[in-house]
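Please keep the sequence and the coordinates at hand while reading.

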Amino acid sequence: MAYNDRNGRLRSGSERTGSSSRQYNHSSRPPITPQGSYHGPRGTRQRGGGLKGPGRGGPGYPVRARSINFQGGRNRILGVDRRLLILGALAVVLVVLLVVGISSCVRGCSSSQGSGETNPVDARVASGVSEELTTQFATELDRGERLAQIAANASSYSDQALLELALEVPEAIDFVASYPEAEKTAQPYDEAVTQGSAPQLWCWDARWGAVDYAGHPLAVSGSGPTAVSMAYMGLTGRNDRSPADIAQAVTDAGLASGDAAMSGDYLTSGSAELGLTCETYTSNGDNLSQMLDSGAYLLIQAKAGTLTSMEHWVLLVTENEDGTVVVYDPTSPDVSAHPWAPATLASTCDTLYVLRAADAGTEGDAAE
């Protein structure tokens with residue numbers, strides 16, 4: 001049978017190479033001869049591209065030519081490496097952040113605890129904090145502890161309005177927390193008072209807040225008596241009529257009634273007993289400003305949903321240079337914290353109750 005030799009010449013299947021004869025068929029791979037049956041020259045290439053290794057007794061095996069895509073392989077390897085590098089970088093960043101956080105915590109703890117230093121104002125606050133901030137933190141921490149105490153003992157309160165007061169007015173939390181054990185009697189107001197300067201009083205003051213008034217603790221029902229007491233002290237310069245004293249007078253007059261727990265009739269009929277006069281005017285911005293300019297104090301019965309969610313009495317003290325009005329709301333530090341436009345205040349009520357000292361003249365020509 002004919003075949004092509006390594007030089008491309010057509011040769012007969014019976015031809016021999018060297019001393020050994022070989023037979024070939026049409027198969028692309030030469031038959032494997034038994035080990036030791038043929039030994040060609042060292043390193044000579046056999047048919048089919050096989051290279052017989054030097055000094056080996058076995059036959060040479062063909063090496064198939066195969067192209068290698070170096071570009072594709074490089075991209076694949078670089079792609080894997082890039083992802084690994086990104087993941088590795090992220091891991092390093094996370095480790096660094098964790099180490100920094102732990103070290104910061106350790107430094108903070110060691111500076112405030114390890115050194116044994118404590119805040120001289122309040123040990124609950126870290127050392128090194130200013131006295132002002134420490135006091136603010138302490139106030140809030142105290143309120144939080146007392147609010148938790150109120151919640152735990154909520155069943156001890158027969159009047160749910162007290163619980164609502166604690167939730168709505170943080171400044172009243174201390175009073176509400178102590179209410180179950182508090183004496184339900186009034187204490188006198190013993191602070192100095194200057195005529196022409198009304199003090200800011202609150203219904204929940206411990207000196208009178210626990211006193212019963214209109215079926216509730218005065219802390220939640222005493223906006224009227226408290227507003228009248230502020231006006232009385234500012235107009236007369238005397239401190240002998242506390243909110244509890246006014247509450248008793250209103251109760252004795254049978255006028256502790258209405259949604260605001262005090263009828264306006266007490267102002268018109270009972271002011272003389274206090275050494276005051278009371279006039280009423282239609283509520284509008286002009287009347288409100290004129291009466292304040294005359295040096296009078298104004299009481300208004302603010303409707304529910306205006307200044308606060310509940311109907312209650314408010315004292316209007318004076319008018320600022322910019323025309324805004326200073327408000328003393330005995331139920332709300334938030335309302336009292338900023339001035340109000342006259343028109344806004346006038347819209348909250350129907351009637352202006354204008355109070356003056358009995359020996360003061362009436363000024364202004366507001367429409368009644």
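At roughly what angle do the axes of helix α6 and helix α7 cross, and within what distance do they come? The model is a predicted one, in which local features need pLDDT of at least 70 and side-chain atom pairs count only at pLDDT 80 or more, while totals for chains, interfaces and linings use all residues. Residues are numbered from 1 along each chain as its sequence is written, and side-chain values use heavy atoms, with hydrogens and water left out.

**Helix crossing**

The axes of α6 (residues 223–236) and α7 (residues 243–252) come within 8 Å and cross at roughly 120°, where axes are lines fitted to C-alpha atoms, for helices over the stretch in contact, and angles run from 0 to 180 degrees between N-to-C directions. Helices here are DSSP runs of H or I with at least four residues, and strands are E runs with at least two, numbered from the N terminus. Angles under 35 degrees count as roughly parallel, over 145 as roughly antiparallel, 65 to 115 as roughly perpendicular and the rest as oblique, and α6 and α7 are therefore oblique to each other. Their crossing is right-handed, a term for a near helix turned clockwise from the far one by less than a right angle.

In this contact (heavy atoms within 4.5 Å), P225, T226, V228 and S229 of α6 meet P243, I246 and A247 of α7. The contact residues comprise five nonpolar, two polar and no charged, with Ala, Val, Leu, Ile, Met, Phe, Trp, Tyr, Cys and Pro taken as nonpolar, Asp, Glu, Lys and Arg as charged, and the others, Gly among them, as polar.

**Salt bridges**

With a salt bridge defined as a side-chain nitrogen of Lys or Arg within 4 Å of a carboxyl oxygen of Asp or Glu, the count comes to 11. Three of these pairs are tabulated below.

| Pair | Closest N to O distance |
|---|---|
| R207 and D190 | 3.8 Å |
| R207 and D205 | 2.8 Å |

Salt bridges that share partners join D122, R124, D142 and E145 into one network. On relative accessible area (buried under 20%, exposed over 50%, partly exposed in between, with a 1.4 Å probe and protein chains only), R124 is partly exposed at 37% and E145 is partly exposed at 48%.
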